[in-house]
Every structure is written in C-alpha cells, then in structure tokens.
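These are my notebook entries on a single protein chain. I set down what I looked up, entry by entry.

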Amino acid sequence: MIQFSFSSVLMTVLTSNLLLILVALFFRNEKTLARVGYRLTAVYCAVTLIRLLFPCELPFTKTVVLPSGISNLFALLRHPYEVIPGIRLSVWKIFCFLWLGGSILYIALFLFQYKILKHLALRNSRDITGQEPYASLLRKVCNGKRYDRIRLCISPYADAPMIIGLLNPIILLPRDAEPTDMDVMYALRHEVCHYMHHDLWLKFGINCLVVAYWWNPFTHLLNRQIDTLLEIRVDTSIISEGEDASIGYVTSMLHYMSGSRGNSNTTPRHMRMFLEKRSDLKHRLHMIQCNGRKPNFLLSFLMLLVVLSLYLGSYLVIFENCSYDPLYQESEAYIVPDQQNCYAIENADGTYNIYFIDWETFETVASLDHYHGIEVYSSEEERNEKIQNR
C-alpha cells in the first residue's frame, strides 16, 4: 500500500538533497559540466524533480531500523503532546500544518505579486509589436507560426531580453541597449525558442514544486539550475547552425548583457525577482565554447549510475525508528510491546495510535512493523466492548 508518512518525507528530503548537492557540484565547475553534458545534467535534475513529486512509501519498500539514539529523537518529534486541554499534537503534525499553510500563502503571494508586477512592467513599457523592423523580424523568427500571439515591448526595467506570460506571451527588450537588427533577431530567436518549447509552463510547474517545498533551500537551488539548463539548451540549438550563427549570437548576447547593465539600478527592488533574467552567463559562455565536444562517456555513465541508484534505492528502503518515546523506557531496557501492555486503534488515514496502558498515553505510527502480536481495534468503543464480553 502506498503511504505518506514522516519516514517517507524524511527519505524524500534526504535523497533529493543528496541529488541536488551532486548536481550543484557540476555547476561549480564548468569543465565538469561540459564533460558530463547539459542533457545528462538535465536528466539528473528531472530525476530529482520526480523524487520530490512522489514523497511516498511503496508496497515493496523494506524497513531499515535506525539506531536507538536517532530513533528516540524521531519518537519525540512524532509523540503527541497536549498543547491545550483536550488537543494533542506532535511536532511532526505542527510542521505539517505549517508546511501546508506556508505553501498556500507562498503560492497566493507569488501569483498576486506576479500579476501586479506584470501590470506595472507593461504600464511603463512601449509596445512595438507592429513597428518595423521588429514586426518583420518576429514573423521571420517564428516562420509564420503563432507570431500573432506574441507582443513585443521596450521596457526600462528588463536587464536583458526575456519573455513573460503563460497564455499571452510578451517579449521585453531592454530600453537602453541600442541593439542592431542582428542583435534583435537573435534575441527574438532565443525568446521564441523558449515559447515554442513550452519552457514558460515548465518553469511555472517547477515554481509550483518550489512552493510545495518552500522550507527546503535546495529546491530553490534546483530552480536556478534548471533555469540555466533551459538557457543552455536554447543556446546550443542556435549555435549548432554554424560558425556565423555562433558569432552573431554571442555578439548579441554580450551586447545586451553589457548594454543593459545599469538597468538593475533603476528597477524597483520588489520587481527584480521577476524582471531580472536569472541566468548564469559564465556557464552559458563556457558551454558555447565547448560546443561540439563529446561528453566523457565513462564519467557520464558513472554519474548516471550513482543518480539512478540513489533514486531507486530511496524507494527500496525506508528508515523507521526502532523504539517508541523514551518516556516508555523502563530501567535500562525497553519494554517489549505485547497484548498485556499496549494495543492499537486504526485511524481513518491508515495510521495507528499505539496506546500504552501503564502510562495512559499513546503515540501515532505509520505501520505496525514493530508491534507484532498486539490487538488492533477500529475504535476505543470496540475495545471496551470486547473486554466486557471476555
């Protein structure tokens, strides 16, 4: 049975963070990134995303018992305490409430702020969709496909050419860049390529995942890394057309990056997260320089083996605590749970409340793997009825 529990979330966070640290090491060294290749690095990021999407325990997952010291710490986190009379909550439950509440607040603020900032950006921009040479360049770049859905605007806030909007895409060009027609053409090709490959929807989905794991700093790192990989993919598709395309494209890129350098000083601070293009120019230029070189097969294979092993292994095993709350210890040994000292009541969500008779308290667990032989009831009333009938 597929289960979502404290242990499954713990395993997901542990595995995904290890994968993200591994990917981050590639980005720290341009030579390693080039030797592995951006496509395989994108596969590593995709595996990490999939792991974050499914923080669950599968039917074939085997339990690995943690040492008693770590187990006691986890037991304290999962043990319900009486926060107010009649209401008992564990640290884990409180964290779940904060997790859910934070995600809802995060996505609401993100969408609201994006809508407001998009309106502010456009209000201060000049629409050039129908002006020449922009209109002709846009039609040429799009090859007549869906060009009428895209608007072009000159913005004083954009620090580089960028495209925004999911349903009604708008390409923003920096106001002070003073580009040539060739610069504009390559800028439009780059942004239209993002649009044609549905990168805006992909980024939106990744942002939703970041919202779901807002408390984990590594997911924000993954978001930035995927942004860079998407930029590298577009760069590679354009420069693969030959030396002339490579020279023209890099010249356009450097012109916009240097010509709009001062725009960030005029961009309101609360608008920068949306209007500044977060791409790693150093990595992109290095990958362009290394274009045509074949990735190192042995290194790529070894890294792929490590990533897949971490991913599959995280579903094969799951860590569980070997004991219950330290409050339930007696002398130097643990009390062995049996029918005389404890019983279980199954909850509607598939978890179990383990009641310890001698201490008149209980803890909530995801499975009965460590409580073999104890009685399981559907409710307290059922237990009382069975005791009376004995």
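This is a predicted model: local features need pLDDT of at least 70, side-chain atom pairs count only at pLDDT 80 or more; totals for chains, interfaces and linings use all residues.

Entry 1, the sheet. I began with S4 and S5, which run antiparallel and are joined by two bridges.

Entry 2, strand S7. I next asked which strands pair with S7, and in what sense. Strand S5 (residues 151–155) pairs with S7 in the parallel sense, over five bridges. Strand S6 (residues 162–164) pairs with S7 in the antiparallel sense, over three bridges. I noted Ile-171 on both counts: Leu-152 stands opposite Ile-171, and Ile-171 is also the bridge partner of Ile-163. S6 and S7 form a hairpin with five residues between them. In its turn I noted Gly-165, which has a positive phi of about 95°.

I then looked up whether S7 (residues 170–174) is covered or open, and found five of its five residues buried. The cover extends to both faces: Ile-170, Leu-172 and Pro-174 are buried on one side, Ile-171 and Leu-173 on the other.

Arg-151 forms a salt bridge with Asp-127, with 3.2 Å between the closest N and O atoms. The pair links distant parts of the chain, as Arg-151 is in strand S5 and Asp-127 in strand S4, 24 residues apart. Arg-151 is partly exposed at 37% relative accessibility, and Asp-127 is likewise partly exposed, with a relative accessible area of 37%.

For the second pair, I found the side chains of Lys-203 and Glu-231 in a salt bridge at 3.9 Å, N to O. Lys-203 belongs to helix H8 (residues 199–212) and Glu-231 to helix H9 (residues 217–239), so this contact ties together parts 28 residues apart in sequence. I counted Glu-231 as buried because its relative accessible area is 2%, under the 20% cut-off.

Lys-386 is partly exposed at 38% relative accessible area, and Glu-382 is partly exposed at 22%.

I checked the length of H14 (residues 297–316): its 20 residues reach 28 Å from first C-alpha to last, close to the 28 Å expected at 1.5 Å a residue. Its buried residues include Ser-300, Met-303, Val-307, Tyr-311, Ser-314 and Tyr-315. They cover an arc of only 115° around the axis, so they lie on the same side of H14. On the face turned away from that buried side, I listed the exposed residues Phe-297, Leu-298 and Leu-312.

Lastly, I noted a nonpolar surface patch of about 420 Å², made by Val-83, Ile-84, Ile-87, Ile-94 and Leu-98. Strand S2 (81–84) and helix H5 (91–123) each supply at least two of the patch residues. I looked up Ile-84 in strand S2 and found this residue partly exposed, with a relative accessible area of 43%.

Note on methods:
Residues are numbered from 1 along each chain as its sequence is written. Side-chain values use heavy atoms; hydrogens and water are left out. Buried means under 20% relative accessible area, exposed over 50%, partly exposed in between (1.4 Å probe, protein chains only). Helices (H or I, at least four residues) and strands (E, at least two) are DSSP runs, numbered from the N terminus. Two strands pair if DSSP finds at least two bridges between them. Patches are made of residues with over 30% relative accessible area and no salt bridge: like charges are joined within 9 Å, nonpolar side chains (Val, Leu, Ile, Met, Phe, Trp, Tyr) within 5 Å. Accessible areas come from the Shrake-Rupley method with a 1.4 Å probe; for residues, only the protein chains shown count as cover. A salt bridge is a side-chain nitrogen of Lys or Arg within 4 Å of a carboxyl oxygen of Asp or Glu. The expected span of a helix is 1.5 Å times one less than its number of residues. The arc is that of the directions from the helix axis to the C-beta atoms.
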